[in-house]
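Here is a friendly tour of a protein model, meant to be read with the 3D view open beside you. Take your time and find each residue as it comes up.

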Amino acid sequence: MTLHELYLALLIGGLVLLASIVGTRVATRVGFPALLFFLLVGVVLGEDGLGLQFDSVEAARNICTAALAVILVEGGLTTRFADIRRVLAPAGALATVGVVVSTALTAAGAHFLLGFDWQLALLLGAIVSSTDAAAVFSVLRVLPLPRRLAGLLEAESGFNDAPAVILVLMFSVVPFVFEPAGTLWEIVFELVAGAAIGLVTGFVGALTLRRMALPASGLYPIATFGLGVVAFAAAGSVHASGFLAAYLAAVVLANSGLPHRTTTRSFAEGLGWLAQIGLFVLLGLLVDPSELGRDLLPAIVIGLVLLLVARPVSVAASLVGFGIPLREQLFLSWAGLRGAVPIVLATFPIVAGVSGSSRLLNIVFVLVVIFTLIQAPSLHLVARLLGLTDSGATREIQVEAAPLDVLNAELLTMTVQSPSRLHNVSILELRLPDPAVITLIIRDGNTFVPLPDTRIATGDELLIVTTAKMRAAAEARLRAVSRRGKLAHWFDEYGDP
């Protein structure tokens, strides 16, 4: 690639990214699922659209697998352990028993209704058996649900990619030989080893980051996210479940009281959105709409089997003995969203050389598009009809740094060093320019809100909120008083840098 071609590729990529971001807002307003909009962007750019050619299934598989790892790390970093602690057991059952039952029933439907041979039928069942983390996480951000139910959906979508990937890889062997005993042992090993690697990476990483003073706050989100990627790669390199390792490592890190948690969460969400956009656009490029017509009917048949039979039965079978109310089970059955994960998994048997597997990609693509259009917009209505929420319900507020951007405000921090003449100056005497205000003081490990007569002491850490316009004036006043005391202006000290 020449330098000019590099510039052109970056220009196209940047424009596609910006168009996807703008389209996300428009799609959200009209109730159109954002993931389908990203797929549409890829299709428009592809061979049947603007003519951009991309036919490398192997490259798509590798890039999309990495993107899925990023999405799972983001999901783990934005998951509160308190929300999923009580539902770990039922979520684990949905992610294992549920995946197996869903795979078997969907495969039976593909074999007896569509005449697929058993290898392709089992592959199709395994490919569509897991709910999609990206789709579920995006729904939970806008749909007010009971905390236990939301946590169950969240944990299931984080856990069930791993068993689905294991099954797809096993069924992609050529020649196909299915040995139940060996398959069960391999599944157990990959899940247990992946979980162990993820938990160890998370705990060791959290312990290290809590005791390490990095030179810049921006390094903490990068280090935290990097640990999730390390867990994914380490597990994959020893043939364990990298997806499970990445998610668990991120959950541990997110709930270990690490510094700069809000920044880390925002950083993770940004990377997660970037991965989703890139993943869906790439998958849209891979599919040729002109070839989808003959697979429309099989996709609808398999989708109905999955939605009306396999998913409800797998939910009921998995949750026996957990005391989950019937109405919540019905919602879980309807909320089994499919998205990028099945389309990515459909590339695995193609790369492995399974005969006839290229057709699976088209079937899964059509299935995801049609049934996402049916399920996603109706989730709020279904939840309300089942009495799980109502039109007046509100989501739990998210407290983070974003409101400062809305107010065009900035948060400043400073530590009062020993030579500073800020020592013993009261908040009133400091006279910061309006609207700058000291909101918190951290002194000897204790945090408190200062009063006008509160006096600043050496070693205090001050948290100051001001507007972007007045930031320079606030910093100048702090420098002036630090140098010459509260009467700094009498000594012609105005805090110049």
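What kinds of residues line the largest cavity? The lining divides into 4 nonpolar, 4 polar and 2 charged residues. Keep in mind as you explore that this is a predicted model.

**The largest cavity**

- The model has 3 cavities of 30 Å³ or more, and the largest cavity has a volume of about 70 Å³.
- To find the largest cavity, look for its lining residues: G303, L306, L307, R311, S333, G336, R338, L367, F371 and Q375.
- Two elements, α14 (296–318) and α18 (358–385), each give two or more residues to this lining.
- Of the elements, α14 gives the most to the lining of the largest cavity, with 4 residues.

**Domains and the pocket between two of them**

- The chain is divided into domain 1 (1–30), domain 2 (34–386) and domain 3 (405–490), according to a domain assignment.
- Taken over C-alpha atoms, the centres of domain 1 and domain 3 are separated by 43 Å.
- Now turn to the second largest pocket, which has a volume of about 610 Å³.
- This pocket is lined by 24 residues, and the closest to its centre are G13, G278, V281, L282 and L285.
- The elements α1 (3–30), α3 (57–77) and α13 (261–286) give two or more residues to the lining of the second largest pocket.
- Of these, α1 gives the most, with 9 residues.
- The lining of the second largest pocket divides into 19 nonpolar, 4 polar and 1 charged.
- Why does the second largest pocket lie between domain 1 and domain 2? It lies between them because both domains give residues to its lining.

**Aromatic pairs**

- A pair of aromatic rings is described by the distance of the centres and the angle of the planes.
- The model has 6 aromatic pairs.
- One of them joins F112 and W118, with 5.9 Å from centre to centre and 85 degrees between the planes, an edge-to-face pair.
- F112 has a relative accessible area of 62%, so F112 is exposed.
- W118 has a relative accessibility of 39%, so W118 counts as partly exposed.
- The rings of F232 and F243 make a tilted pair, because their planes are at 55 degrees, and their centres are 5.5 Å apart.
- F232 lies in helix α11 (residues 219–237) and F243 lies in helix α12 (residues 242–254), so this pair ties together parts that are 11 residues apart in sequence.
- Are F232 and F243 buried or exposed? F232 counts as buried at 18% relative accessibility, and F243 counts as buried at 8%.
- F38, W273 and F280 form one aromatic cluster.

**A serine between two helices**

- Between α11 and α12 there is a loop, and S241 has its place in that loop.
- S241 has a relative accessible area of 3%, so S241 is buried.
- Leaving aside residues up to four places away in sequence, S241 touches A162, E190, G194 and A235.

Key
Residues are numbered from 1 along each chain as its sequence is written. This is a predicted model: local features need pLDDT of at least 70, side-chain atom pairs count only at pLDDT 80 or more; totals for chains, interfaces and linings use all residues. Side-chain values use heavy atoms; hydrogens and water are left out. On a 1 Å grid over the protein atoms alone, a cavity is a set of points where a 1.4 Å probe fits but cannot get out, and a pocket is an open set with protein on both sides within 12 Å along at least five of seven lines; lining residues have an atom within 4 Å of a point. Grid points are joined across faces, edges and corners, and a volume is the space filled by probe spheres set on the points. Ala, Val, Leu, Ile, Met, Phe, Trp, Tyr, Cys and Pro count as nonpolar, Asp, Glu, Lys and Arg as charged, and the others, Gly among them, as polar. Domain bounds come from an automatic or database domain assignment. Rings of Phe, Tyr and Trp (its six-membered ring) pair if their centres lie within 6.5 Å; planes under 30 degrees apart count as stacked, over 60 as edge-to-face and the rest as tilted. Buried means under 20% relative accessible area, exposed over 50%, partly exposed in between (1.4 Å probe, protein chains only). Contact means heavy atoms within 4.5 Å.
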